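Opening the notebook on this one.

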Amino acid sequence: MTLSSSTQTPISRWFVLFLMVVLCVVPTIAGGMRLMQIFSGADITEENARFLTAPIPIVLHILSSIIFSVIGILQFSPLRHCSIKVHRMIGYIVWFSGVGSAFTGLWMTLFYPWYGLDSVGLYVIRLIVGVILSWFLCQAVWSILNRDFRAHGRWMLRAYVLGMGAGTQVLTHIPFFIFSEYQNELTRTICMGAGWVINLMVAEIILSKKQKSLSGALNNVRRINFNK
Ligand code: HEM
């Protein structure tokens with residue numbers, strides 16, 4: 001499945017891809033910097049203690065999340081039509097990295113000590129997001145096993161867009177950093193949660209638009225056949 005539909009012009013298709021790249025950039029850079037800190041043997045501070053004393057989950061999380069978000073873009077680009085074999089091979093990589101991102105995210109939520117403005121609300125939201133992401137990915141595999149390729153595409157799109165909540169969180173945190181006097185556990189939880197909720201809504205809007213354009217196309221075909 002691509003983000004392209006009969007209602008999308010090539011320009012809007014490339015624009016959506018451009019947005020996906022933009023959303024990947026900051027989490028990828030942030031992850032890269034954290035990896036450099038871990039591998040360079042930086043001093044332990046209150047801010048990085050959980051990552052430096054138990055680095056495996058965060059290293060696996062950053063690597064799998066970067067692969068999921070960056071390589072995942074290819075699966076939604078028009079390039080994916082070039083070869084079904086390549087699409088399938090990249091699909092395995094994206095799927096396993098998505099599972100890796102969700103599981104390591106869940107592991108860190110459960111076992112890393114809380115830091116700064118972490119709260120019960122954020123803890124619960126992270127658990128829910130980790131479970132939903134895993135569920136979307138399982139549904140995608142289930143659909144493929146049932147040879148329901150449309151459903152497979154819908155579930156993968158949901159999983160990918162939800163995962164990219166990490167990119168949207170960069171945007172939802174802009175007011176958080178501008179109005180620093182309002183920085184507290186509640187506003188941090190809202191900014192984090194909003195990134196995932198906005199993306200879930202965007203995924204459903206994209207899917208309902210695709211559904212409408214598909215129904216419209218089917219109705220046109222029926223009308224043409226009826227008039228023959
Ligand atoms: C593909 C999507 C994702 C990307 C790109 C991503 C990216 C990142 C990055 C770069 C970090 C390191 C932050 C730092 O250095 O301070 C991080 C940490 C973390 N992520 Fe993700 N992540 C993704 C998905 C998830 C999911 C689905 C969950 C929830 C289950 C999650 C939970 C966490 C947790 C708990 C941490 C540690 C935060 C802390 O203790 O400060 N992530 N993520």
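Which residues are closest to the ligand? I looked: 24 residues surround the ligand, and the closest are Gly31, Ser65, Gly105, Gly130 and Gly163. The cut-off I used for "near" is a C-beta atom, placed from the backbone, within 6 Å of the molecule.

Ground rules, before I go on. This is a predicted model, where local features need pLDDT of at least 70, side-chain atom pairs count only at pLDDT 80 or more, and totals for chains, interfaces and linings use all residues. Residues are numbered from 1 along each chain as its sequence is written.

**Confidence.** I checked pLDDT (the predictor's confidence in each residue, from 0 to 100). The protein averages 92, and 94% of the residues score at least 70. Residues 1-6 stay under 50, and for them the model has 19 contacts beyond four places in sequence. A contact here is two C-beta atoms, placed from the backbone, within 7 Å. Where pLDDT is low, the predicted coordinates should not be read in detail.

**Fold.** I found nine helices and zero strands (DSSP runs numbered from the N terminus: H or I of at least four residues for helices, E of at least two for strands). The C-alpha atoms fill a box of roughly 75 × 40 × 30 Å along the principal axes.

α4 gives the most, with six residues. By class I get twelve nonpolar, nine polar and three charged residues (Ala, Val, Leu, Ile, Met, Phe, Trp, Tyr, Cys and Pro are nonpolar; Asp, Glu, Lys and Arg charged; the others, Gly among them, polar).

**α4 on α5.** Their axes come within 9 Å and cross at roughly 155° (lines fitted to C-alpha atoms over the stretch in contact, angles from 0 to 180 degrees between N-to-C directions). The two are therefore roughly antiparallel, a label for angles over 145 degrees. Residues that meet include Trp95, Gly105 and Leu106 in α4 and Tyr123, Arg126 and Gly130 in α5. That contact has nine nonpolar, five polar and one charged residues.

**α5 on α6.** I moved on to helix α6 (residues 149-163): its axis and that of α5 come within 8 Å and cross at roughly 160°. That makes α5 roughly antiparallel to α6. Among the residues that meet are Phe136 and Leu137 in α5, and Trp155, Arg158 and Gly163 in α6. The class count for this contact is twelve nonpolar, four polar and one charged.

Key: Angles under 35 degrees count as roughly parallel, over 145 as roughly antiparallel, 65 to 115 as roughly perpendicular and the rest as oblique.
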